[in-house]
Amino acid sequence: MEYDVIIVGAGPAGSTAARYCGKEGLKTLLVEKERFPRYKPCGGFISPRVLRQLDFDIEGIIDSTVCEVRLTFKSKDPFSIASRDPIGYLVMRDSFDHLLCRKAQEAGAEFYEGRRVVGFQQDSEGVDISMMESEPLRCRYLVGADGARSIVRNSLFPGVTQKAGMAMAGEGCLAPGFQRRSVSVRLDFGGVPSGYGWVFPKGNFASIGIGVLRPSKGIKLRSRFEHFVESMHKTMGMRMKKASFHPLPTFYGDDLPRAKGRVLLVGDAANLADPLTGEGIYYAVRSGKMAAEAIVAAIKHEPGKIKAYLDSMKRLLMRDLGVALKLANAMYRFPRLAYTVLKSSRNLGFLYVHLLCGKALYGDFSREMVDGIKGRLEEEVPALGEISSAVEQEGLLTFYR
């Protein structure tokens with residue numbers, strides 16, 4: 001059986017790629033190892049910029065609308081940032097992913113669920129795909145959208161070691177006083193190195209988790225998670241139902257190969273999660289759309305050429321993610337200082353909210369944060385040398401000169 005494009009993985013990246021390819025009339029197959037709807041451990045934060053990438057309404061699956069962010073440092077020293085406009089929307093990933101998958105099918109894509117891809121071989125004309133307990137398939141282009149443990153990526157670049165952080169997340173029941181439609185999300189810094197904890201209320205329960213956004217050794221993630229849950233039980237009456245570990249494939253540079261021949265990587269398979277916040281849904285949807293656009297152009301106008309995907313990714317995603325990486329390295333090295341600066345600046349707080357909802361770029365936030373750090377260091381001279389050196393090493397003071 002031959003297709004124009006086969007997409008492996010029906011998460012936000014894969015379903016978005018399938019939907020756009022289907023709309024353009026390509027013979028498209030979306031392959032998923034699980035059966036939908038399936039549970040997915042994730043905070044489920046959907047920013048307004050994600051919605052701008054979609055051409056359909058998701059109102060029916062929204063559990064909560066976020067208009068406030070409440071921040072703490074080691075569950076203390078709180079402050080809040082509120083917005084008149086929605087900062088984001090909270091969904092369960094099984095519902096969100098299922099909706100995107102249905103929209104891909106409505107656009108003309110075929111869907112194989114419960115089918116596991118085990119390998120592939122590509123030549124100058126196309127790609128042969130092998131699946132467990134299924135007939136072999138062939139396509140002109142293959143998209144790897146199969147997540148942080150991507151089989152497609154590992155087969156395409158067997159010698160490349162993937163760097164990833166780690167999270168532990170799940171759902172818990174909320175006390176009745178916290179069960180409301182318009183909510184504040186809670187972010188706690190300082191409890192884990194190079195990361196944070198979160199609570200995203202969704203009606204009578206909440207998604208809760210902690211994430212270490214950079215590869216680290218020796219971190220007892222479970223005990224830190226249990227400590228965080230206990231602190232949330234005291235303040236929100238939360239009781240856990242279930243939790244699990246999962247990798248966080250954050251961006252760590254543009255040197256990771258993301259395409260080769262007729263095979264493209266998108267979303268978590270391409271390590272496109274935000275290195276400061278861990279947010280990955282926007283980059284999944286955006287990269288899925290970009291991959292589809294490149295494949296459509298290659299098939300209809302320039303056979304065999306998918307360089308446009310890498311070019312557009314560098315132009316539209318990599319620069320901002322690169323600044324985010326530098327900022328994350330500096331802020332997570334000195335989390336108390338970063339938190340103090342964020343709390344002390346009203347303008348920086350609003351920029352942080354605008355960053356979450358996609359109204360601001362990292363360049364804007366980085367400039368304001370650097371100015372805040374410099375001002376704070378003038379008050380705390382003993383720390384000036386070490387911290388200023390660290391910030392300089394990350395390139396944040398010179399990046400925008």
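Ile-87 touches Phe-45, Ser-47, Pro-48, Val-66, Cys-67, Glu-68, Val-69, Ile-81, Val-353, Leu-356 and Cys-357, when residues up to four places away in sequence are not counted and contact is taken as heavy atoms within 4.5 Å. The structure is a predicted model, in which local features need pLDDT of at least 70 and side-chain atom pairs count only at pLDDT 80 or more, whereas totals for chains, interfaces and linings use all residues. Residues are numbered from 1 along each chain as its sequence is written, and side-chain values use heavy atoms, with hydrogens and water left out.

Ile-87 itself lies in the loop between β5 (76–82) and β6 (88–90), where helices (H or I, at least four residues) and strands (E, at least two) are DSSP runs numbered from the N terminus. At 1% relative accessibility, Ile-87 counts as buried, a term that denotes under 20% relative accessible area, with exposed meaning over 50% and partly exposed the range in between (1.4 Å probe, protein chains only). The C-alpha atoms of Ile-87 and Leu-355 are separated by 9.4 Å, although the two residues stand 268 residues apart along the chain.

Helix α1 (12–23) has 12 residues and reaches 16 Å from its first C-alpha to its last, close to the 16 Å expected at 1.5 Å a residue, the expected span of a helix being 1.5 Å times one less than its number of residues. Of the 12 residues of α1, 11 are buried, so the helix is largely enclosed by the rest of the structure. These buried residues are Pro-12, Ala-13, Gly-14, Ser-15, Thr-16, Ala-17, Ala-18, Arg-19, Tyr-20, Cys-21 and Gly-22, and they pack against β1 (2–8), β2, α2, α3 and α6. Just after α1, Gly-25 takes a positive phi of about 85°.

The axes of α1 and α6 come within 7 Å and cross at roughly 35°, the axes being lines fitted to C-alpha atoms, for helices over the stretch in contact, and the angles running from 0 to 180 degrees between N-to-C directions. The contact is made by Pro-12, Ala-13, Thr-16, Ala-17, Tyr-20 and Cys-21 of α1 and by Ala-284, Val-285, Gly-288, Lys-289 and Ala-292 of α6. By class, the contact of α1 with α6 has 8 nonpolar, 2 polar and 1 charged residues, where Ala, Val, Leu, Ile, Met, Phe, Trp, Tyr, Cys and Pro count as nonpolar, Asp, Glu, Lys and Arg as charged, and the others, Gly among them, as polar.

Helix α6 (residues 281–300) also meets helix α7 (residues 307–333), their axes coming within 8 Å and crossing at roughly 160°. The two helices are therefore roughly antiparallel to each other, given that angles under 35 degrees count as roughly parallel, over 145 as roughly antiparallel, 65 to 115 as roughly perpendicular and the rest as oblique. α6 passes α7 in a right-handed crossing. The contact draws on Tyr-282, Tyr-283, Arg-286, Ser-287, Met-290, Ala-291 and Ala-294 of α6, together with Ala-308, Tyr-309, Ser-312, Met-313, Leu-316, Leu-317 and Leu-321 of α7. The residues of this contact of α6 with α7 divide into 11 nonpolar, 2 polar and 1 charged.

In helix α3 (residues 93–106), the 14 residues should span 20 Å at 1.5 Å a residue, and the end C-alpha atoms are 20 Å apart, which agrees. Arg-93, Phe-96, Asp-97, Leu-99, Leu-100, Cys-101 and Ala-104 of α3 are buried, and what covers them includes α1, β2 (28–32), β3 (45–46), α2 (48–53), β7 (110–113) and α6. Just after α3, Gly-108 takes a positive phi of about 115°.

Positive phi values also occur in residues other than glycine, including Ser-194, for which phi is near 55°. Ser-194 lies in the loop between β12 (182–189) and β13 (195–202) and is buried, with a relative accessible area of 9%. Asn-271, with a positive phi of about 55°, is found in the loop between β17 (263–265) and α6 and counts as buried at 0% relative accessibility. A cis peptide bond with omega of about -10° joins Phe-36 and Pro-37, and Pro-37 lies in the loop between β2 and β3.

Key. A crossing is left-handed if the near helix is turned anticlockwise from the far one by less than a right angle, and right-handed if clockwise.
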